[in-house]
Amino acid sequence: MLSRVANNLFWMDRYVERSYGLLNLIKTNFNSTLDSGDYSSWNNILSTYLGVDEFKQFENYNDSLSIIKFILFDPSNANTHLNMIIKARENARSVQEHISKELWLSVNKYYLHITNDGILEKFDDNDPINFVDDLLLFNHIYYSVADITQERGNAYCFMNLGKYLERVVQSIDFISVRADKMDLNNENIYESFFWKNLLASIGGYQLYLKKYKSIFSSENVLEMIVLNDNFPRSVRYSINKLYIHIERLYKFNGLTDNNLLFRIGKLKNQLNYTTIDNIKQEGIHNFLSFIQSELKDISYNINKTFFYQIQ
Amino acid sequence: MISNYTKYPNTWDEMFDDSGSIRNTYKNFESFLKRTPIETLLQMQDFSSQLFMDHGVTFRVYSDNKGVERIFPFDILPRIINESEWKIIDAGIKQRIKALNLFLKDAYHEQFIFKDGVIPHELLLNNKNFLREMMNLRVPNDVYTHISGVDLIRNNDGDFYVLEDNLRTPSGVSYMLENRQISRRLYPNLMPTSNVLPVDNYPEILYQQLKSLVDKEDPEIVLLTPGLYNSAYYEHAALARLMGIELVEGNDLVLDNHHVFMKTAGGLKKIDIIYRRIDDDYLDPLNFNSESVLGLAGIMESYRQGKVIIVNAPGTGIADDKAMYVYVPDMISYYLNEEPILKNIRTYQLSNPDERQYVYDNVEKMVIKETEGSGGYGMLMGNNATKSMIESYFKKVSKQPHKYIAQPILSLSSVPCIIDNELSPRCVDLRPFAISGANGIKVCPGGLSRVALKENSLVVNSSQGGGSKDTWVIKD
């Protein structure tokens, strides 16, 4: 497979995954403003996701609507939902011969939906949650179609590299935002609000309730997001997936330089032998920066091993 | 609906004869039209546009610095040709492509046809598409023009004429394939009973022909595209997908010891054949346009050393420009000793003072074209031009008369299209595609029928308001 094609497949899935995270975050934050009346929380999303750093005053429901509209549709900000779907589709268009026809159709339909002339009026006329749910449906279709139609070759692996790398980066980012203030031994009610929202936005709320019942402690949440084996957005789960696909790619392409495989394997095993107590001992901050630096390294090595020739 | 159809005057209509009755070819289709209300046809029309959009069968147009994707307008009513007529076209195209190939070989080697005075030598030497790099180079199987598109029109005498040959990187074949796919969805009952000759094996034929150029079990064949922003990108991607070959860009390629490699996730992979969809000019910045970033520097040298095959061969542009067109019948008799099966349109050279005067005197019946122009640009249609337009055009001509030719305005045949909720005639041409290789020349039955969607217009180019139709060649 061409390096350029591999790179585009990787980014196609990264953009879809990122857009998925963004949509969920919009939903959760919108809900939380309805609860707390604290509209300033939009500033966090604007700065982490869209690189808008100036702090804005958001005061009411209408501000929420207009900021959601901005996050979804602003054409000039590269990180809006619209632009991510355009980029995902652009990548898909450039690799059409490598993805299943069904997958191409699903990305293209998403693109046509979001670039449709009447979409802004549709947003104005609808409940924002319903509107975002309609968009999320396209993400869900994308994942399902990829799952049942895409052959398990190079293309599938590169797509998964993009997907899981983006996912693990997001999960880590979510925790980091709060890590500074986090006190694992001293809980308060606001923390629990925050964690509930966080869990909801990454789809882990139900699983959490099943496992820990309705007791919200930072420690449990952290354990779930970082170490749970079965939670598809946990760090450990994503790293395991990254390992599987990198190993396959090594096999498919007969690669001999084991640097990348070695690094991802090492991280995988480290996580598999880490408990929440270890993290507490080490300090949440140290732990997160360790994972972040490992991810940076792995990401660099993915580039070097598979895409380096394009630079 | 059929009874309201008003034919163009003095024009051959593909569906109706002069007395207004349906031609035999269309009999089966007529019964479909008779039982189908216009509302259903309009729904089918919408359905087809949506399908093209959903499938991303689009090209990008630029307006206000913003790229917008459009579909190539598609009219759902097929253009139908019967097989006996097709056989003539098929034989005519094969004959023509055979002669043009022999001409290319001759022009880049001994140049007998010029030495024998059949074609003026300056037409070759002044030709900006002539590539010195191709001189005395033996190309595999002596095939230069592997993929050709021959534009045909039907005059009001009912005969097909060749409008022009496209021997460089003719496009449109993906629309031939897509249109047929859509027709199957549109006419689920009609298609199976209409005995339409298949076109879907075009990618297989193309692949076989490309493969025949090297003596190798599993050669590495790639399609070289200028990239995502090229207007024909959809076609490049579709052909690569249908043939199962890699779609590469210039940046994906590197040279090592004059071999061409592509950069893959598993390292470098050697390429045997490049089906390029970029023009000669952009192929190799070392030899041609030095600004080009689309091709690969040094690829011409690899080609000359026989380390890679480029398809179509560089330099085929000398054989398909409008000045050389005049001599194709002479090529056919010179190389093949045969009468041309397909007619040329009478063409006047404006460098010849007598012919120029004749064109000037009869300008209202003439179309004047630049020999190096294409896409319907730079033309003067004498019947629609004002006096001052004609004068200023001739002023331009007189500066470089050898760059212009004139032809009588032919009436392109018309086909019924759905326009403003009713059947209305529109002019149509036909571009069949021929593929040459070690297995001879193959022509796909049918091709791309392009229609001029503007009323009374003769310009079928997609950039100027043209659309397309599916072309059915049906067994007699």
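This is a predicted model: local features need pLDDT of at least 70, side-chain atom pairs count only at pLDDT 80 or more; totals for chains, interfaces and linings use all residues.
Chain A is helical. Its secondary structure comprises 15 helices and zero strands. The chain has 311 residues, for which a compact globule would have a radius of gyration near 19 Å; the value for chain A is 20 Å, which agrees. The C-alpha trace of chain A spans about 55 × 55 × 35 Å along its principal axes. Of the 311 residues, 41% count as buried. Contacts in chain A between residues at least 6 apart in sequence were also examined; 73% of them join residues at least 24 apart.

Chain A is divided into two parts, domain 1 (1–150) and domain 2 (162–311). Their C-alpha centres lie 22 Å apart. In the contact between them, 18 residues of domain 1 of chain A meet 17 residues of domain 2 of chain A. On the domain 1 side, helix H1 (3–36) and helix H2 (42–50) of chain A are the elements that give two or more residues. H1(A) provides the largest share of that side, with 16 residues. By class, the domain 1 side has five nonpolar, eight polar and five charged residues.

The buried residues of H5(A) are Leu103(A), Trp104(A), Ser106(A), Val107(A), Tyr110(A), Tyr111(A) and Ile114(A). They cover an arc of only 165 degrees around the axis, so they lie on the same side of H5(A). The cover over these buried residues includes helix H4 (81–94), helix H6 (119–125) and helix H7 (128–149) of chain A.

Buried residues run through H12(A) from Val235(A) to Leu249(A), and include Arg236(A), Tyr237(A), Ser238(A), Ile239(A), Leu242(A), Tyr243(A), His245(A) and Ile246(A). Among the elements that cover them are helix H8 (154–179), helix H11 (218–227), helix H13 (259–272) and helix H15 (284–307) of chain A. Gly254(A) follows H12(A) and has a positive phi, near 55 degrees.

Chain B contains both helices and strands. There are 15 helices and 23 strands. For its 476 residues, a compact globule would have a radius of gyration near 23 Å; chain B has 23 Å, which agrees. The C-alpha trace of chain B spans about 70 × 60 × 50 Å along its principal axes. Buried residues make up 45% of chain B. Of the contacts in chain B with a separation of 6 or more, 68% are between residues 24 or more positions apart.

The domain assignment of chain B gives domain 1 (2–219 + 308–340 + 411–474) and domain 2 (346–408). The C-alpha centres of these two domains lie 25 Å apart. Their contact takes ten residues from domain 1 of chain B and eight residues from domain 2 of chain B. The domain 1 side is made up of four nonpolar, three polar and three charged residues.

One residue of chain B, Val367(B), was examined individually. Val367(B) is placed in strand E15 (residues 366–370) of chain B. Val367(B) has 21 other C-beta atoms within 10 Å, and therefore counts as buried; the cut-off is 20 or more. Leaving aside residues up to four places away in sequence, Val367(B) touches Met379(B), Leu380(B), Met381(B), Gly382(B), Ala406(B), Gln407(B) and Ile409(B). His121(B) is 246 residues from Val367(B) along the chain, and their C-alpha atoms are separated by 26 Å.

The two chains also touch each other. Their contact takes 19 residues from chain B and 21 residues from chain A. On the chain B side, the elements that give two or more residues are helix H2 (38–54), helix H9 (233–243), strand E7 (246–248) and strand E9 (259–264) of chain B. The residues on the chain B side divide into eight nonpolar, five polar and six charged.

How values were computed:
Residues are numbered from 1 along each chain as its sequence is written. Chains are lettered from A and ligands numbered from 1 in the order in which they are written. A residue is buried if 20 or more other C-beta atoms lie within 10 Å of its own, exposed if 12 or fewer, and partly exposed in between; C-beta atoms are placed from the backbone. Helices (H or I, at least four residues) and strands (E, at least two) are DSSP runs, numbered from the N terminus. The arc is that of the directions from the helix axis to the C-beta atoms. Two residues are in contact if their C-beta atoms, placed from the backbone, lie within 7 Å. The radius of gyration is taken over C-alpha atoms; the globule rule is 2.2 Å times the number of residues to the power 0.38. Domain bounds come from an automatic or database domain assignment. Ala, Val, Leu, Ile, Met, Phe, Trp, Tyr, Cys and Pro count as nonpolar, Asp, Glu, Lys and Arg as charged, and the others, Gly among them, as polar.
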